[in-house]
Amino acid sequence: MSGLRIRDLRVSFDGFKAVDGVDLDVAPGDIRFLIGPNGAGKTTLVDAVTGLVKASGSVHFGDAELLGRPVHQIARMGVGRTFQTATVFEELTVLQNLDIAAGAGRSPWSLLRRRTSVPTVVSEALETINLTAQRDQLAGTLAHGQKQWLEIGMLLVQDVRLLLLDEPVAGMSHDERDATGALLGVVSRDRTVVVIEHDMDFMRSFARTVTVLHAGKVLSEGSVAQVQADPKVQEVYLGQGTRDA
Ligand SMILES: Nc1ncnc2c1ncn2[C@@H]1O[C@H](COP(=O)(O)OP(=O)(O)OP(=O)(O)O)[C@@H](O)[C@H]1O
């Protein structure tokens, strides 16, 4: 299994330093939560790792340098992400969504051909994301939480080894959050997982390690207990209203 190693990562927008010299190590199999106030640079960091914004510094996943490579090459190296809004094909079934994701790289003809059996990788993903019973349902009719799980399933069938999830439980019910937490536990057994999250209860329940970003820099890092006890963290979260640390 590979881990993520980021050194001196910097992203600027017209001179504004959104990510300002971040070092980050995420061990293989970890579930690292990235937290921090609005505008801290969390999404921009993930954008840099996945090739969506230009950055300087270095980002290694395993032995490979990711910076400077195009998005599709980074995806082929086993790095996948979800966005705050699930991006599934609503007019297709759950199975078709997974089949298309698994077929990235297959010819259009083989994708169009009627499949007589479900590939093992797809049936395993269906089990993992708990959507086996919904496999023939249109993705557009799924509950909010189920769409997020389908999106994670689409990464699993592509054999993603580093999963970067952007606010996966936003808008979810309590039960859906718990199920998502359990899902993180399963997928992290043989993958590295990074979760951007504002939901502090969810973080407390399911994070293994936490990094707090503030104004583009790492403010604090450690276990949930260590980060919560850090006065610097308490300070930046003061005045955040409903968002407590
Ligand atoms: N494309 C862009 N052009 C200009 N500024 C940007 C761009 N993307 C992000 N920013 C700025 O960079 C800073 C960091 O944004 P980012 O979205 O990474 O923060 P975040 O920690 O993910 O915040 P949130 O929790 O609100 O999603 C913000 O001040 C944002 O306005």
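A: A residue is called buried here if 20 or more other C-beta atoms lie within 10 Å of its own, and please keep in mind that this is a predicted model. By that criterion, Val94, Leu95, Asn97, Leu98, Asp99, Ala101 and Ala102 are buried in H3.

Q: So why is helix H3 largely enclosed by the rest of the structure?
A: Helix H3 spans residues 94–102, and because seven of its nine residues are buried, the rest of the structure largely encloses it.

Q: And which helices do the buried residues of H3 pack against?
A: They pack against helix H5 (120–128) and helix H6 (144–156).

Q: Which residues have the most contacts inside the largest nonpolar core?
A: Those are Leu98 and Leu150, in a core of 66 residues, to which H6 gives the largest share, with six residues. Leucine 150 touches, leaving aside residues up to four places away in sequence, Val88, Val94, Asn97, Ile129, Leu131, Ala139 and Leu142.

Q: Switching to the sheet, what's the strand order?
A: The open sheet has six strands in the order E6-E7-E8-E3-E9-E10, with mixed pairing, and its edge strands are E6 (79–82) and E10 (217–222), each of which pairs on one side only. E6 and E7 (residues 162–166) run parallel and are joined by four bridges, while threonine 82 stands opposite leucine 165 in E7.

How values were computed:
Residues numbered from 1 in each chain as written. Predicted model: local features only at pLDDT ≥ 70, side-chain atom pairs only at ≥ 80, totals over all residues. Buried ≥ 20, exposed ≤ 12 C-beta atoms within 10 Å, placed from the backbone. Helix = DSSP H or I, 4+ residues; strand = E, 2+ residues; numbered from the N terminus. Contact = placed C-beta atoms within 7 Å. Core = buried A, V, L, I, M, F, W, Y, C linked by C-beta atoms within 7 Å. Pairing = 2+ DSSP bridges.
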